[in-house]
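I opened the file to look up a few residues and their surroundings. My notes follow.

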Amino acid sequence: MQDKVQEVEEILDKYLTAGKILSQVRGEAADKIKVGAKLLDVAEFVEQRTMELGGKPAFPCNLSRNDEAAHATPMAGDTEVFGKDIVKLDMGVHVDGYIADAALTIDLSGNKDLVDASREALDAAIDTVKGGVNTAEIGAVIEDTIRDKGFKPVANLTGHGLARYQAHTPPSIPNRHIGQGMELQAGDIIAIEPFATDGAGKISDGSFTEIYQFIQKKPIRMPAARKLLKELKEYSTLPFAKRWLTSPKIDLALMQLEKAEIITSFPVLKEVGGGMVSQAEHTLIITEDGCEITTL
């Protein structure tokens, strides 16, 4: 029994350590997001600084702009710079596979009310959370808060659970009213992430992909694909960026692994109406009477 308690305490400590690292790096990175700064410089800073502080990236640094909601990260050699954008900085840190996931929106575009909508929705959701609360109640609070600000929630994006080396697990945390959800339990680890938009309130896959994830082991004949698979062991089941990879014939190898359903891809998600999107996110440990935010 004592060993089990100690194990739980060690796991919680790793979640909390990941959150502390994330919080520090997020603050330092946010200061670097300015008009004229290179996206690649910010993304590489986030990932390298995370490792300097004793963590590892749980997924590539997302820098999604304007109508991009998620999954945008620079490619190798990218020279793009920030303009008068609304920028979502979404980052993950893990310590021994235990993940902290958080996001904030940096407004370079004069869309303060839209930024406030997702942030206030997150705050309202956190105030609602405790053991025994149904996720449907959280979704209702998020949607009501965003609509009260004059915007729409992005209906087909949700928050999620977290587990060791798994960045997305049940339960799903809706950003809108739903008929039936799941009851949260003390000890659950979740990420709540409201998205607000002045567009249609829905996202779809864009045409650009830089982020992938290993999903299952299967035989593959192509030598370059087999070599890439060995390199991917470093990331376990967590998402990785193509720019992180050094294997030869990388585009062909990725295509073969995806075709064989060994890996999956995460295209950039774009608002279908072309609307601006804001995001706010924290990771929480659910308690009987509330929650502990790991990523403050």
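I listed what Glu193 touches, leaving out neighbours within four places in sequence: Asp90, Thr158, Gly159, His160, His168, Asn175, Gln279, Ala280 and Glu281 (contact means heavy atoms within 4.5 Å). The model is predicted, so I kept to its rule: local features need pLDDT of at least 70, side-chain atom pairs pLDDT 80 or more, while totals for chains, interfaces and linings use all residues. Residues are numbered from 1 along each chain as its sequence is written, and side-chain values use heavy atoms, without hydrogens and water.

I placed Glu193 in the loop between strand 8 (189–192) and strand 9 (195–197); strands are DSSP runs of E, at least two residues, numbered from the N terminus. Glu193 is buried because its relative accessibility is 6% (buried is under 20% relative accessible area, exposed over 50%, partly exposed in between, with a 1.4 Å probe and protein chains only).

I turned to His160, which sits in strand 6 (residues 159–163). His160 is also buried, at 3%. Its contacts beyond four places in sequence include Asp101, Ile173, Glu193 and Glu281. The His160 side chain comes to 3.0 Å from the backbone oxygen of Ala167.

I checked the UniProt record: its unreviewed entry puts "binding site" at Asp101, His160, Glu193 and Glu281 (positions are in the numbering used here, feature names are shortened, and annotations may be inferred rather than shown by experiment). These residues span 181 residues in sequence, but no two of their C-alpha atoms are more than 10.7 Å apart, so they gather at one spot.

Last, I looked for disulfides (cysteine sulfur pairs within 2.5 Å) and counted zero.

Conventions: Helix = DSSP H or I, 4+ residues; strand = E, 2+ residues; numbered from the N terminus. Polar contact = N/O pair within 3.5 Å; in protein donor to acceptor, adjacent residues only side chain to side chain.
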